[in-house]
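Work through the exercises below with the sequence and the model at hand, and compare each solution with what you see.

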Amino acid sequence: MEYKKVLLNEDEMPCQWYNILADIKMNPPLGPDGNPIKPEQLAPVFPMNLIEQEVSSERWITIPEEVLGVLKIWRPSPLVRAFSLEKALGTPAKIYYKNESVSPPGSHKPNTAVPQAYYNKEFGIKKITTETGAGQWGSALSFACSQFGIECKIFMVRISFDQKPYRKLMMSAWGGNCVASPSTETKAGRDALERDPNTPGSLGIAISEAVEAAVSDTTGQTRYSLGSVLNHVMLHQTIIGLEAKKQFDKIGVYPDIVIGCAGGGSNFAGLAFPFVSDKINGKNIEIYPVEPQACPTLTKAPFVYDHGDTAGYTPLLPMHSLGHSFVPPPFHAGGLRYHGMAPTVSQLVSEGLITAKAVTQLDAYKAGILFSSTEGIIPAPETCHAIATVIDEANKAKEEGKEKVIVFNFSGHGLLDLSAYDKYFSGQLQNFSLSDEELLICQKAFEKFPKPSIVKSR
């Protein structure tokens, strides 16, 4: 008998996170003086217990019982076989997805929001500031803060703030205070509005506002929280891939291809990093992060040192970047509208351990509609990008007559993205792409910064 869902019991949940920094070499983040940044320099922004995780090279880090207790509200998440999608495609490929849409906010984001809120609470922090693109992260952190009694302030990218009013209401229901970014509450926001009063905003600008709001609190009781990019965020998300490996073990299957959409890199890393570990140790497996063609960091941007935010408040990070002043076009996948990429994901691409792909907005929505009509769940626009590549790979397997096993991260549902689907149905959506000339202009933002070394982990 072939099962639709592969489930784990609560006592089978992983009790440790996997830290990929134990297995790869990295360029260090740099401070304003161009030297490697020291942990204490990050102390005004993050609590020290999270900074210790950020720089740790221990392969396995224990998940606190208090964190596991909250994660059990929805975890372990199911590994689902997409039989109907396979049938519609007529492919011999076996398609599985890790359904992360079952969390209270509807995405993978609370996998790191919950531990971040917990560690801030343990450190005595009373308020957390953050940014959000599509609203998934802001919702997740609001939910997590409500679990631990912490105040939460969210700067939401303006274009998404206008497109997704119900996300703001979700944050309010969990006690979060959400404002549109750029706002007039911070210098970074006011500067952005002065440059362009009609700017759609960007994650880079929103990050600058949230960091500024945290470090300017003279009481010392506010810290900043990031939903992607940083090492400790990737670490917390590995519970997805670690669960998936246990679920595949239960049915005696191992994937040939692992796929996840990638904006800052967290949902991709969550599923993929435990499989990257296997690849480093000899497994033959293809791993694809999928980004929007309108914001092509991994597929077109160079591997450089650049700021993670627009105003330059963050350290210089080694990553694929379109330039920290780049404002992505207003395509409908707010979680993927980021100028950079997680340093760990960027390093894996530079080493050839994973292979980046890009899809257009219209191809992504077309894939999302096929998934909805076959598997029944309406995917988030970000997730549609992963599904488009899954379909490409399944069709390729059909042409080659190979029974490949494909797994992807179903990073979130799209029930609060129906206005975007409405625009797709009415033909109002279009594709965006960057010209070579636009790419060159964007790169001026980091042309005077130090260059990362080409380091090899193997």
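**Salt bridges and a buried arginine**

Lys-402 is partly exposed, with 41% relative accessible area, where partly exposed lies between buried (under 20%) and exposed (over 50%), using a 1.4 Å probe and protein chains only. The model is predicted, so local features need pLDDT of at least 70 and side-chain atom pairs pLDDT 80 or more, whereas totals for chains, interfaces and linings use all residues. Residues are numbered from 1 along each chain as its sequence is written, and side-chain values use heavy atoms, without hydrogens and water.

**Exercise 1.** Find the side chain that meets Lys-402 in a salt bridge.

*Solution.* Apply the criterion, a side-chain nitrogen of Lys or Arg within 4 Å of a carboxyl oxygen of Asp or Glu. The partner is Glu-400, at 3.9 Å from N to O, and Glu-400 is itself partly exposed at 40%.

**Exercise 2.** Describe the salt bridge between Asp-278 and Lys-245 and the exposure of each residue.

*Solution.* Begin with the distance: the closest N and O atoms are 2.9 Å apart. Next, place the residues, which are 33 apart in the chain, with Asp-278 in helix α12 (residues 266-280) and Lys-245 in helix α11. Finally, Asp-278 is buried at 16% relative accessible area, while Lys-245 is partly exposed at 22%.

**Exercise 3.** Determine which side chain of opposite charge is nearest to Arg-167.

*Solution.* Count Lys and Arg as positive and Asp and Glu as negative, leaving out His and the chain ends.

Key: Helices (H or I, at least four residues) and strands (E, at least two) are DSSP runs, numbered from the N terminus.
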